[in-house]
Amino acid sequence: MPTLPRAAATQLPWLPPRSSCLPRPSGCSAKSPPSLSNAAVLRSVKSPSATPRQVVAVYSAAARQLGFHHDLPTYKALLSFLASKRRFRAIELLLARMPHDGLLPGPALLLPLVRSFSAAGRGLDALLRTCPSPLSERLLSSLIHSLALTGDHNIARSVLAAAAGLGQPLHARHYSGLVRALYDRDGVRSATEFLDLLAAKGCFPDEFFYRSLIRDICLRGGNSITAAFEVVEQMRRSGREPDLVVWNTLVQGCARQGQMSKAEQVMAEMERKSGAAMADAWTYNALISGIPDRLMSQDGILAFRRMVERGVSPDVVTFSALIGGLGRAGRVWECNAMLGKMVRLGIPPDVACYKVLVGVYRINNMPDDASAIAEAMKYDLLDSEGCKKPPKHMRSWFLNKPPTPAHPNGGTGAVDASLFNFSVPLSGGF
């Protein structure tokens with residue numbers, strides 16, 4: 001066994017007794033000197049009186065032995081010990097050595113080191129630079145996810161900034177969870193500032209990231225639509241213009257919060273932008289589906305009328321949203337009027353529309369009508385010819401559906417019949 005360095009000359013209780021390392025004459029029998037194992041290194045780490053110099057000396061002596069097996073638990077214990085003693089340069093050297101021993105650092109090993117470096121005010125660039133470059137996708141994602149879960153958002157931001165500064169390719173899966181955590185804790189300003197930081201590092205999220213983020217924000221309720229517009233502004237600062245999906249999400253978010261005038265402004269801006277996609281059936285479907293049920297008899301029908309006046313053809317999704325909202329609000333007269341108009345236009349109900357109708361009639365205590373709709377859906381699903389129209393006897397039921405009183409607690413209420421007196425443009429698919 002090689003002689004220990006002078007720094008480890010102190011007799012430590014976990015070390016085997018020292019013996020001479022000089023070669024013995026041939027024929028002289030003697031026991032081979034004891035070797036240092038991983039267990040000896042772990043005992044030195046656990047000793048309360050051990051100093052970093054002594055522990056490193058034990059590990060160095062063990063590592064110089066021929067056939068010494070380097071394992072991950074020994075590295076993990078050694079690095080954690082050095083981190084507790086704030087021996088950061090030794091940590092960097094050991095991390096740089098790991099790949100030569102056939103080992104790679106994982107999230108469980110790096111996470112306490114990242115926290116120690118951050119607590120000491122040291123930059124994480126040096127720590128990440130000693131890891132194999134580039135960092136694996138799993139390693140970086142796990143680090144950020146673990147830090148976000150424990151509330152260490154600032155450390156997670158530093159890790160991503162350091163990785164981007166070292167040329168690490170960043171993707172939305174690395175930082176999407178952190179952006180949402182920053183939004184939940186500190187608000188939209190903190191999230192957009194972090195996105196600006198990523199943009200300064202040359203990392204620009206794609207349109208799929210912005211679509212998902214804006215949709216999630218709009219679903220939060222409250223004053224979330226204002227936060228969604230701030231994200232759109234940051235999106236533009238990053239050089240990306242909102243696409244049709246983002247516009248539709250904003251329109252739906254405004255409608256859900258009862259801001260119909262704001263929704264109209266979004267649609268006007270959408271059509272005013274040079275090269276932007278014009279409002280289509282998806283846009284109006286998003287608008288109508290976002291209107292609360294209690295406002296569907298006014299705002300929903302007006303939006304529908306404005307839709308057809310602008311030459312946009314409604315589809316089954318449009319009518320399903322209107323029928324569902326009107327029916328849940330107890331406005332069965334208007335619900336039946338929309339149902340009849342849909343059938344007259346040759347727009348057949350799909351399975352989702354059938355389910356909406358069944359639910360509407362059930363909540364309005366109309367079991368016979370609900371049974372008739374369920375029967376029509378059964379015929380439609382069993383049609384072997386693939387015909388999308390209901391059977392003739394069911395079609396006549398749709399067309400002649402009487403304006404039944406809406407709710408057992410009251411009538412249907414006043415309705416402007418002129419709202420239904422307009423022609424609907426049909427596209428080639430109808």
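This tour moves through the structure stop by stop, saying what to select and what is there.

**Whole chain**

Start with everything shown. The model is predicted. Colour by secondary structure: the protein has 21 helices and zero strands. Of its 430 residues, 46% count as buried. Take the contacts with a sequence separation of 6 or more: 66% of them join residues 24 or more positions apart.

**Confidence**

Now colour by pLDDT. The mean for the protein is 78. A value of 70 or more is reached by 79% of the residues. Select residues 1-25. Here the pLDDT is below 50. The model still gives this stretch 38 contacts beyond near neighbours in sequence. Then select residues 402-430. pLDDT stays under 50 there too, and the model has 65 contacts for this segment beyond four places in sequence. Where pLDDT is low, the predicted coordinates should not be read in detail.

**Helix 7 against helix 9**

Select residues 137-149, helix 7, and residues 172-186, helix 9. Their axes lie 9 Å apart and meet at an angle of about 5°. Angles under 35 degrees count as roughly parallel, so helix 7 is roughly parallel to helix 9. Show side chains at the contact. Helix 7 brings Glu137, Leu140, Ser141 and Ile144. Helix 9 brings Arg173, His174 and Leu178. By class, the contact has three nonpolar, two polar and two charged residues.

**Helix 9 to helix 11**

Stay on helix 9 and pick Tyr175. Which residue forms an aromatic pair with Tyr175? Select Phe209 to see the partner. The pair is edge-to-face, with 5.4 Å centre to centre and 70° between the planes. Phe209 sits in helix 11, residues 207-218. The two partners are 34 residues apart, so distant parts of the chain are linked here. The structure as a whole holds five aromatic pairs.

**Ile155 in helix 8**

Next, select residues 153-165, helix 8, and centre on Ile155. The relative accessible area of Ile155 is 17%. Buried means under 20%, so Ile155 counts as buried. What does Ile155 touch, leaving out residues up to four places away in sequence? Show Val114, Arg115, Ser118, Leu124 and Leu147. Draw a C-alpha to C-alpha distance from Ile155 to Ser118: it reads 6.8 Å. In sequence, Ile155 and Ser118 are 37 residues apart.

**Two loops with positive phi**

Go to Arg86, in the loop between helix 3 (72-84) and helix 4 (88-97). Arg86 is not a glycine, yet its phi is positive, about 60°.

Finish at Asn365. Asn365 lies in the loop between helix 19 (351-363) and helix 20 (367-381). Phi of Asn365 is near 60°, again a positive value in a residue other than glycine.

How values were computed. Residues numbered from 1 in each chain as written. Predicted model: local features only at pLDDT ≥ 70, side-chain atom pairs only at ≥ 80, totals over all residues. Heavy atoms only, no water. Axes fitted to C-alpha atoms, helices over the stretch in contact; angles between N-to-C directions. Helix = DSSP H or I, 4+ residues; strand = E, 2+ residues; numbered from the N terminus. Parallel < 35°, antiparallel > 145°, perpendicular 65-115°, else oblique. Contact = heavy atoms within 4.5 Å. Nonpolar A, V, L, I, M, F, W, Y, C, P; charged D, E, K, R; others polar. pLDDT = per-residue confidence, 0-100. Phe/Tyr/Trp six-rings, centres within 6.5 Å; stacked < 30°, edge-to-face > 60°. Buried < 20%, exposed > 50% of the residue type's maximum accessible area, 1.4 Å probe, protein only.
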